[in-house]
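Hi,

Here is the structure I promised to pass on. Have a look at it first, and then read my notes below.

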Amino acid sequence: MKTLHVAADLLREAAARKWFLGLGAAITLLLLVLIGGLRLEVVDGALAATRLFGNALFTPIRAADVALRPVFIAASYVIFYGGMAFGLIACSDFAPALLSPGRIEHLLALPVRRWELLAGTFLGVVVLGLGGATYGAGGLLIILGFKTGVWTWQPLLAASLAAVGFATVYAGMLAAAVFVRSAAVSAAVGALLLISGILAGNRRTLLTTMSEGPGRWAFGLWSRVMPPLSTLANTAADLAAGSPVAGAEVGTVVAECALFTAGALALAVWRFEQRDF
Amino acid sequence: MTLALEATGLHKRYRRWMFGRGGQDALRGLDLCVPRGSAFGLIGPNGAGKTTFIKCLLGIAWPDRGTVRLLDSSPEDPAVRARVGYLPERLHLPGAWKPPAFLSAVARLKGVAVTATQLRALLERVGLLDSAERRIGGFSKGMRQRLGLAAALLGSPELLVLDEPTDGVDPLGRVEVRRLLESELARGATLFVNSHLLSETERLCGRIGILSGGRLLREGPLDALCRAEASWEVRFAPGADGAALVAAGFRPTQEGTFHLDAPDAAALNAALDRARAAGALLVELTRASRDLEDVLAEALRAAA
């Protein structure tokens with residue numbers, strides 16, 4: 001219960017930050033532009049014409065659901081990588097702020113367990129990421145649904161996978177902040193994890209390009225430990241496009257990310273329980 | 001005697017690195033008991049270990065050795081911490097929030113149900129009701145301190161641990177804070193105050209501890225600490241021969257009394273006999289008392 005209170009307080013704090021107000025305004029503005037500027041003419045389930053601010057976009061006549069697939073794929077990647085890049089900068093300060101002198105002493109003197117503070121911070125940030133992704137993806141779905149009559153919930157699932165990816169990266173950022181109370185270090189660790197996650201997702205391809213030796217062995221080991229974020233992003237895009245994706249494939253990649261998240265959080269809690277403030 | 005807090009053999013060393021051997025001793029075998037319902041003031045120079053002691057009391061820092069009991073339980077138990085109100089030395093407050101929102105958040109984490117009316121009453125108690133609709137970011141240091149005090153008072157805690165409670169508060173505000181804390185004491189709460197302001201500590205606290213270098217140099221009731229065992233204030237009837245009294249070992253004071261240093265009863269009576277032989281008539285004899293500043297200075301000198 002205390003974890004939920006900590007998470008709710010973090011969301012209140014985020015609501016007062018310009019970063020998040022700006023993100024909310026930017027997504028809303030983008031959706032409003034689509035509402036007002038995008039005109040889609042659908043005839044018998046086929047997308048006959050597309051106009052953006054009155055200018056015709058020359059696209060072949062295709063079934064509306066097929067025509068929307070590239071849009072959903074692009075939106076999925078933007079939400080996944082764009083959201084993560086935004087999140088790792090905008091959220092890098094939450095944990096260092098929690099641990100700041102004068103605040104952490106006060107919190108630790110309250111009847112809250114140390115792990116609850118970390119869990120609440122993590123949960124709050126994940127809810128923030130999920131909320132942003134769902135708002136963007138959901139808004140796009142509703143607008144395109146009304147304009148084309150094509151209703152699909154799968155881009156929402158893709159958005160939730162983006163939130164899983166962000167949660168994985170943030171777990172590492174949180175652990176880093178517990179060791180070194182610095183927003184810059186936290187953001188740098190997040191960026192490193194994102195790059196590592198992209199490489200880890202392409203480990204098989206990359207390993208084939210490497211010659212045998214300690215470097216290849218080290219990369220193989222390291223990329224096994226890192227969360228396969230690019231695989232997760234590709235899976236999310238496939239889901240958004242309505243392409244057939246095996247449930248086991250999604251489950252495996254989510255489980256790998258969840259395992260990394262659990263490990264990073266366990267490390268963070270271990271250090272946090274020991275630390276003096 | 002039931003105790004609000006009890007520390008036994010408390011030792012704390014701050015290490016430079018996580019597993020390093022270097023570092024600095026902040027507490028060196030500290031023993032301290034504070035009875036319930038009392039007001040205890042911990043004083044000492046900067047770096048004495050006062051804040052570290054408070055952190056060890058509340059489970060914010062972990063002692064290397066020794067034990068801490070808080071309200072008959074371990075400070076690691078959240079249920080015990082729910083019965084404690086704490087004001088840190090430099091409380092960090094969310095600048096974008098308003099006082100009621102901050103107090104509500106603290107109340108939720110404390111598990112205390114508070115209504116808007118109760119929050120307003122609390123803000124009125126600390127003199128912040130007029131600023132209830134202002135953002136905390138625009139508050140002065142003194143106002144932040146008052147808000148921190150309000151947060152500490154949430155849920156009527158049995159023990160109030162206050163680290164520099166009047167730091168940054170204006171002189172009139174200090175009087176208000178003191179009255180507020182006196183009312184908490186009258187309610188039955190125990191006060192543990194850590195302050196640099198000796199006059200404030202002296203006015204509020206019945207028991208004092210002097211900490212230096214991580215060790216408790218002196219501890220006890222304020223009047224006992226301030227009483228000078230070997231010094232006396234003596235008042236004679238008008239007409240006493242001042243020169244004869246000085247010759248007998250008495251030192252005149254600005255208040256018209258005389259000061260006498262006598263290590264024991266025999267020396268005291270011998271001096272008084274000499275005064276009476278010179279025609280002086282004794283009308284008042286009291287142990288000389290010192291203020292807390294003198295006591296602190298003497299304790300630090302003795303320790304050095």
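In chain B, strands β5 and β6 (residues 159-163) run parallel to one another and pair over four bridges. Pairing here requires at least two DSSP bridges between the strands, and helices (H or I, at least four residues) and strands (E, at least two) are DSSP runs numbered from the N terminus. Within this pair, G85(B) sits opposite L160(B) of β6(B).

Before going on: this is a predicted model, where local features need pLDDT of at least 70 and side-chain atom pairs count only at pLDDT 80 or more, while totals for chains, interfaces and linings use all residues. Residues are numbered from 1 along each chain as its sequence is written, and chains are lettered from A and ligands numbered from 1 in the order in which they are written.

Strand β5(B) (residues 84-87) is covered on both faces, with V84(B) and Y86(B) buried on one side and G85(B) and L87(B) buried on the other. Buried means 20 or more other C-beta atoms within 10 Å of the residue's own, with C-beta atoms placed from the backbone.

Chain B is assigned domain 1 (3-213) and domain 2 (227-303), with bounds from an automatic or database domain assignment. Their centres, taken over C-alpha atoms, are 41 Å apart. Nine residues of domain 1 of chain B contact seven of domain 2 of chain B (C-beta atoms, placed from the backbone, within 7 Å). On the domain 1 side, α7 (198-204) and β8 (207-212) of chain B each give two or more residues.

Lastly, none of the twelve residues of α10(A) is buried, so this helix lies largely in the open.

Best wishes

Technical notes
Two residues are in contact if their C-beta atoms, placed from the backbone, lie within 7 Å.
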